[in-house]
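Hi everyone, thanks for coming. I'd like to walk you through one structure today, so please have the viewer open and follow along with me.

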Amino acid sequence: MDISEKIAGEITISDTPGVTIKKWREEFGISQMELSKFMDVSPSVISDYESGRRKSPGANSIKKIVDALVKIDESRGGHLVRRYNSGIPSDALLDIKDYDHDIELRYILTKIRGTPCSTANLKRNIRGYTMIDGIKAVLKFSYAEYTKLYGWSSQRIIFITDVSIGRSPMIAIRAHPLKPAAVVYVKPDNVDELAIKLLKLKIYH
């Protein structure tokens, strides 16, 4: 089930559909004004639905609301849609994307101004990326969810934010049988020696 079906289903079966609409609108970070403008309706229409002043929306109205939420998110980069469609709704997953063609790791590192901490093969091809919150991932991800981080291919970069020294996320990656093509710490306070040693143990396939 993709995110559109999930939202539409929740609204349809809810005893308070307006409350459910509001929940998802706020989850997407979309204001009533923005949603109403995209749908070409008065802001009061959205407000009345959410407050229960207007009769519960029919199937066509629900579809229009859901389509608008998804399309607005896609116009912003589609991060929330990709997160939910990945099967990991946890806010520890910030973004996930598969590329439509292979890209050399060296090219990506140049673009992000990355500094290699190991002797990784910079000519290897990357087929996507996953960005996670390092602390939340360690605290919230189940074993099965770690597997879903790899999307269609493990030949991807795992970007890890909110990193102090990088030890915990690297240990978690080391423990899992699937290994990414590269791990990138986003603005770490420092890179712990143990994290680098784990790289030198050739954790990557």
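Let's start at helix α2, residues 17-27, in what is, please keep in mind, a predicted model. Which residues of this helix are buried? They are P17, G18, T20, I21, W24 and R25. If you look down the helix, these residues cover an arc of only 160° around the axis, which puts them on the same side of α2. The general rule behind that kind of pattern is that an α-helix has 3.6 residues a turn, so residues three or four places apart point the same way.

And what do the buried residues of α2 pack against? Their partners are α1 (3-13), α3 (32-39), α4 (43-51), α5 (59-75) and α6 (79-85).

The largest nonpolar core has 21 residues, and the members that touch the most others are I3, I7, W24, F28 and L35. The largest share is that of α5, with 7 residues.

Now please click on F28. Leaving out residues up to four places away in sequence, F28 touches I3, I7, L69, V70, D73, R76, L80 and V81. There is also a second, separate core of 16 residues, and A137, L149, I160 and M170 are among them.

R76 was in that list of contacts of F28, and R76 has another partner to show you. Its side chain meets that of E34 in a salt bridge, at 2.6 Å from N to O. R76 sits in the loop between α5 and α6, while E34 belongs to helix α3, so this pair ties together parts that are 42 residues apart in sequence.

The next salt bridge joins D95 and R82, whose closest N and O atoms are 2.8 Å apart. Here D95 is in strand β1 (residues 93-104) and R82 in helix α6, so the pair links parts that are 13 residues apart in sequence. D95 counts as buried, with 4% relative accessibility, whereas R82 is partly exposed at 21%. For those of you who like thresholds, buried means under 20% relative accessible area.

A further salt bridge connects the side chains of R106 and E104, at 2.9 Å from N to O. Both ends are partly exposed: R106 has 40% relative accessibility and E104 has a relative accessible area of 29%. Then there is a network, in which salt bridges that share partners join K6, E10 and K23. The structure holds 10 salt bridges.

Let's move on to the strands. Which residues cover the two faces of β4, residues 182-185? On one side you have A182 and V184, on the other V183 and Y185, and all of them are buried. As a general point, side chains in a regular strand alternate between the two faces of the sheet. Strand β3 (residues 157-161) pairs with β4 in the parallel sense, over 4 bridges. Within that pairing, F159 stands opposite V184.

Two backbone angles are worth a stop as well. D40 has a positive phi of about 60°, although D40 is not a glycine. You'll find D40 in the loop between α3 and α4, and D40 is exposed, with a relative accessible area of 71%. R113 is the other one, with a positive phi near 55°, again in a residue other than glycine. R113 lies in the loop between α7 (105-112) and β2 (125-133) and counts as exposed at 77% relative accessibility.

Let me finish by zooming out. The protein chain has 11 helices and 4 strands. Of its 205 residues, 42% count as buried. If you take the contacts between residues at least 6 apart in sequence, 69% of them join residues at least 24 apart. The accessible surface comes to about 11,700 Å², and 53% of that belongs to carbon and sulfur atoms.

How values were computed: Residues are numbered from 1 along each chain as its sequence is written. This is a predicted model: local features need pLDDT of at least 70, side-chain atom pairs count only at pLDDT 80 or more; totals for chains, interfaces and linings use all residues. Side-chain values use heavy atoms; hydrogens and water are left out. Buried means under 20% relative accessible area, exposed over 50%, partly exposed in between (1.4 Å probe, protein chains only). The arc is that of the directions from the helix axis to the C-beta atoms. Contact means heavy atoms within 4.5 Å. Accessible areas come from the Shrake-Rupley method with a 1.4 Å probe; for residues, only the protein chains shown count as cover. A salt bridge is a side-chain nitrogen of Lys or Arg within 4 Å of a carboxyl oxygen of Asp or Glu. Two strands pair if DSSP finds at least two bridges between them. A nonpolar core is a set of buried Ala, Val, Leu, Ile, Met, Phe, Trp, Tyr and Cys residues joined through side-chain atoms within 4.5 Å.
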